[in-house]
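Let's walk through this model together, one question at a time. Have the coordinates open as you read.

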Amino acid sequence: MQALYIPHLLKAPDRTQRFYLDEFIGALDTLTPLRGKIRIRHGGTFLEVAVQAETIVTLTCDRCLQHYNHRLLLDTSELIWLNDNANSPQSHPQEREIAWEDLSEILAFDGYFELDTWLYEQLSLALPVQQFCGKNCQQPLKSVDTATNPPTDSRWRALAALKNQLSEPLN
């Protein structure tokens, strides 16, 4: 997916471009291509980006560690502010306090909008925080009772022997 040159949006009808998506996002491993539509509108001092798309990803269950397929749905929009000195390193000090209202993405008026990067970020944000394969998912059964028979690693035997020597009473 090619980057979109922002000034070209000003020449589009209604300053808007629409794309139909049917391709894989390179940085995200999915089973199906991302399918849907995206609309990018130039609002003078901002870009309004809206997407409705879906794909299927393979996730690993946090509880039972089994792989399962999950439908990832995107239905989101974002305002990206345009600023002349967005790419200038001198415009931002290395350390500064940022207010909540300043937490937004800023691009240069004459820069490029990386559509595939933006889609990757939106898909990453749409991934579930807790990944469970289903309502009936259960943890794997433990074959050894760890309370009575703690699992031992052979690399820790020397330390366990030292611990036993130190805990013995002195004669």
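Q: Is arginine 41 buried or exposed, or partly exposed?
A: This is a predicted model, in which local features need pLDDT of at least 70, side-chain atom pairs count only at pLDDT 80 or more, and totals for chains, interfaces and linings use all residues. Residues are numbered from 1 along each chain as its sequence is written, and side-chain values use heavy atoms, with hydrogens and water left out. Buried means under 20% relative accessible area and exposed means over 50%, with partly exposed in between (1.4 Å probe, protein chains only). Arginine 41 has 28% relative accessibility, so the label is partly exposed.

Q: Which residue forms a salt bridge with arginine 41?
A: Side chains of opposite charge can pair when their charged atoms come close. Here a salt bridge is a side-chain nitrogen of Lys or Arg within 4 Å of a carboxyl oxygen of Asp or Glu, and the count by this rule is four. For arginine 41 the closest N and O atoms are 3.0 Å apart, and the partner is glutamate 48.

Q: What is the order of the strands in the open sheet?
A: Strands are DSSP runs of E of at least two residues, and helices are runs of H or I of at least four, both numbered from the N terminus. Two strands pair if DSSP finds at least two bridges between them. The open sheet has five strands with mixed pairing, in the order 2-3-4-5-6.

Q: Which strands stand at the edges of the sheet?
A: An edge strand here has a single partner strand, so one side of each is left without a neighbour in the sheet. The two are strand 2 (16–23) and strand 6 (106–107).

Q: What angle does the direction of helix 1 make with that of strand 5?
A: Helix 1 (residues 115–126) packs on the sheet and touches strand 2, strand 3, strand 4 and strand 5 (67–82); contact means heavy atoms within 4.5 Å. Axes are lines fitted to C-alpha atoms, for helices over the stretch in contact, and angles run from 0 to 180 degrees between N-to-C directions. For helix 1 and strand 5 the angle is about 125°.

Q: How many bridges join strand 4 to strand 5?
A: Strand 4 and strand 5 form a hairpin with six residues between them. Within this pairing, leucine 47 stands opposite isoleucine 80. The strands run antiparallel, and the number of bridges is 15.

Q: What is the phi of leucine 65?
A: Most residues other than glycine have a negative phi, and most peptide bonds are trans. Leucine 65 sits in the loop between strand 4 and strand 5 and is exposed, at 58% relative accessibility. Although leucine 65 is not a glycine, its phi is positive, at about 65°.

Q: How many aromatic pairs does a search of the whole structure find?
A: Rings of Phe, Tyr and Trp (its six-membered ring) pair if their centres lie within 6.5 Å; planes under 30 degrees apart count as stacked, over 60 as edge-to-face and the rest as tilted. Searching the whole structure gives a total of three.

Q: What kind of aromatic pair do tyrosine 5 and tyrosine 112 form?
A: Their centres are 5.0 Å apart, with 45° between the planes. Tyrosine 5 lies in strand 1 and tyrosine 112 in strand 7 (residues 112–113), so the pair ties together parts 107 residues apart in sequence. The pair is tilted.
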